[in-house]
Amino acid sequence: MNISSEPPHGEIKADRMECLHHDESPSSSEGKSSENGHTKPLPVLTFTEGFSQELCAEVLSSVHVGDGETLVLPLNGPVPVTEETYTEPIAEVINVGDDALIMEPENPETTEENNNHNNADDEANFIEPENLEITEDDNINANNAEDDDEDYPKPRSRKPEKWKRNVVKLMSDSGLAHTSLIGKKKEARTMGAGCSEKCKRKCLHTIDEERRTKIFKGFWEIKNHTMQWYYIASHVKSQNVAKRTLIEVPGENPRRKFTNSYYLPMDNGFEVQVCQKMFISTLGINEKWIRTAFEKQRSNHGVVLKDGRGYNKKKTYVSTVIKADVMNHIKKFKTVEGHYTRKNSKSRRKMHSMYVIEKQAENNNGSKIATLRQYRDIFNKEFKLKNFKPKKDQCPRCLSSKNKTPQEKTEEAKKKFEKHLSDKKAAEAKKTADIEELKSSEELQQKVCVLTCDLEKVLLCPKGENSDFYYKSKLSVYNFTIFVSGEQKGQCYVWDQTEARKGSAEITSMLWSFIQMKVAAGIEEFRIYSDNCSAQNKNQFLFSMYVMASIRFNIKITHCYLEVGHTHVEVDSVHATIENSVKNTDIFVPSQWYTAMRLAKKKPPPYVVKEMTQNEIFDFRPLASYQSWEKLKTSQFKEIFICGSEPGIIKYKTEYDQEFTTVNIMKKTPGRPANWKTIPLKKRHTAKIPLRPNELADLQALCRSGAIPSAYHKYYLETLPAIVAQAVEPPPIDVLSEVDDSDLESNDGISEAGDGSDSDAASSTILDANNRYSDNGSEDDNDGDDDPDYEP
């Protein structure tokens, strides 16, 4: 049994309970007879002085041995323990953050003798363990140093070389141009012209310019002020004044006490004497450097003292009161079981915010509050907790390669996986390069728009902690988000399931609306990054819209698709912010979702939320009828480029590292060609989309049960039934349905559909309209692409 203590708080707690198995000892004086006739000695636990009775009680409540056995505690006497048998402790998980924080039990220090008895058949054989003496000075840790490195995060490492004051000091010691800590600009050190022809020592004839330049560069390449003083002191010889030309006044000290001789090194290893002006101009310094070097040397018996500037600042320490407050606050967070999820967690930043609010509420005496950095440092150093990052959406290809045995990892499989990783890096590198290029030029930001877009997971309405919500069908709310890099702005296009679906017509309409808005602001080029969902943003209808937009507005459009499985983009941060803002918040009608999105971002600029109506969602299928997409496998596109100066010409790639393939997709038809600048767009939906009868019944049942407050009953009891009354038979399904990214995980074997039509394979993924939603409508639908949808 191991007991660890925390001296700063005067507490001792049981971290780990362990039963030790030893060889049976027939000479044991105490015990009871087992069923096979052997004597089972009693386990003995010894405590030294200084341990309280409360600690013993805590230990007894945590340790379980066989029925009728006794724990002998010399401090308090023998205590009988009955009933339960010993069980190993489980890992504790602290519910504090997007990163779950797991406090694992320490591993028992087993020996070879223990391992030999690690058998289920020997479970009943408890042999007397060695007595364990534990003092307050003991800091028992069963894990060795290597285990600590693996299980627990290392404290934040110091990197003095990156501190601003050290960077400025290094540049100053190197003679480079820089800006001081107070904002004053310093010019780079340069070598002076030297002395004139009138110099008595004729220095210009003694040392040439090439040698002077080498000396100047070598001096500033030292990059250390102390060593530069040492260099000066070693090349200047100082001696007492041999002869004075002025009359000395009794009682007054002469100003000049020493005579200096200056020398510069030559290539042959000797030195040549020069005048003071030549010496200081060659090194690029002034007279003060020389005086300081000799002061440092004479004050320390001939050894140049270290540069002491910047070392006299008083170091700040975190007071014990603040430290205790922070540790007590961290201990308030209760532990939860190991089935951790991100929904109900709090990050360390949020923990600090809660700590600040708590201290401000009770801060009557004006005591100080720990900063975020102090809070984080105490958390990392004082608590043995490790970060656990659950990943729900890891790349299937990467996991598949990781799980393969060495025999399964053939050369072909390795090449495919390496190609997958190289494609991932290529796509990310292109996106990063576009963003960095945009940030580096304000002029470019006025003409180019780099954006990422994605559809958020289905937002359910009503939303709350009521368990009845889980078992009832709910109303779906959709959010298609565009994040503009450089501007750091998020644009949310929102609608509910009675307005529209979430297919290609909706996504294309929203990108069309965004392009029109940006063109009016002067944008001439769009660079778009997204995932590979064919039903939404990788199909002929979207590309037909790009062709129309490029011709109408004379713009350039590039759409790059990230590697499947690695499509995490900046727009995901908008979705995370929205979801975090509504945690523990009840939502009953779609308008509350829209308000929550507008208020989700605390720092300006806020997210722009546009509520879409059927008047803004268009049917782009007629555009595709003017073009020939039959022979193009659009689902294999990695990048597509369309320019308004080349009407009808598209350039695409099916591999990131290949050149563009150029195709003219305009159909050659008799008669007058279509005018792309005036082609009208028709509405996609002409009436509200009704709910299924069972969906409406479930929502109204929630109203009658009181799960939905009466203030919102009118929406569910009057507004939605009116939509059902207008229901008409949906037209036949003739376009793409929803496809998840995982359906396109492998590009191998993708062929043209049916008679050579678009390779999005619409016919294989069409689902009946009645199967659009899951039966229970639960919140398990965590991806907006997982819910199949039909497109009338």
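Between which strands is the loop that holds Q488 found? Q488 sits in the loop between β18 and β19 (489–496). Strands here are DSSP runs of E with at least two residues, helices are runs of H or I with at least four, and both are numbered from the N terminus.

## Model and confidence

This is a predicted model, in which local features need pLDDT of at least 70, side-chain atom pairs count only at pLDDT 80 or more, and totals for chains, interfaces and linings use all residues. Residues are numbered from 1 along each chain as its sequence is written, and side-chain values use heavy atoms, with hydrogens and water left out.

The chain averages a pLDDT of 74, and 66% of the residues score at least 70. Over residues 335–344 the pLDDT is below 50, yet this stretch has 22 contacts in the model beyond near neighbours in sequence. Residues 727–792 also stay under 50. The model has 162 contacts for them beyond four places in sequence. pLDDT is the predictor's confidence in each residue, from 0 to 100. Contact means heavy atoms within 4.5 Å.

## Overall make-up

The chain has 24 helices and 27 strands. Of its 792 residues, 41% are buried. Buried means under 20% relative accessible area, exposed over 50%, and partly exposed in between (1.4 Å probe, protein chains only). Take the contacts between residues at least 6 apart in sequence: 70% of them join residues at least 24 apart.

## Helices α16 and α18

Two packed helices are described by the angle between their axes and the distance between the axes. Helix α16 covers residues 504–520 and helix α18 covers residues 540–553. Their axes come within 10 Å and cross at roughly 20°. That makes α16 roughly parallel to α18. Angles under 35 degrees count as roughly parallel, over 145 as roughly antiparallel, 65 to 115 as roughly perpendicular and the rest as oblique. Axes are lines fitted to C-alpha atoms, for helices over the stretch in contact, and angles run from 0 to 180 degrees between N-to-C directions.

On the α16 side, S504, T508, L511, W512, I515, Q516 and V519 make the contact. On the α18 side, F541, L542, M545, Y546, M548, A549, R552 and F553 meet them. By class, this contact has eleven nonpolar, three polar and one charged residues. Ala, Val, Leu, Ile, Met, Phe, Trp, Tyr, Cys and Pro count as nonpolar, Asp, Glu, Lys and Arg as charged, and the others, Gly among them, as polar.

Most residues other than glycine have a negative phi, and most peptide bonds are trans. Q488 is not a glycine, but has a positive phi of about 55°. Q488 is partly exposed, at 38% relative accessibility. N584 is not a glycine either, and has a positive phi of about 60°. N584 lies in the loop between α19 (571–581) and α20. N584 is exposed, with a relative accessible area of 66%.

Two cis peptide bonds belong here too. One joins C461 and P462, with omega about 10°. P462 is in the loop between β17 (459–461) and β18 (475–484). Another joins P604 and P605, with omega about 0°. P605 is in the loop between α20 (590–600) and β22 (608–611).

## Q491 in strand β19

Q491 lies in strand β19. Q491 is buried, with a relative accessible area of 10%. Leaving aside neighbours within four places in sequence, Q491 is in contact with F480, T481, I482, M517, V608 and K610.
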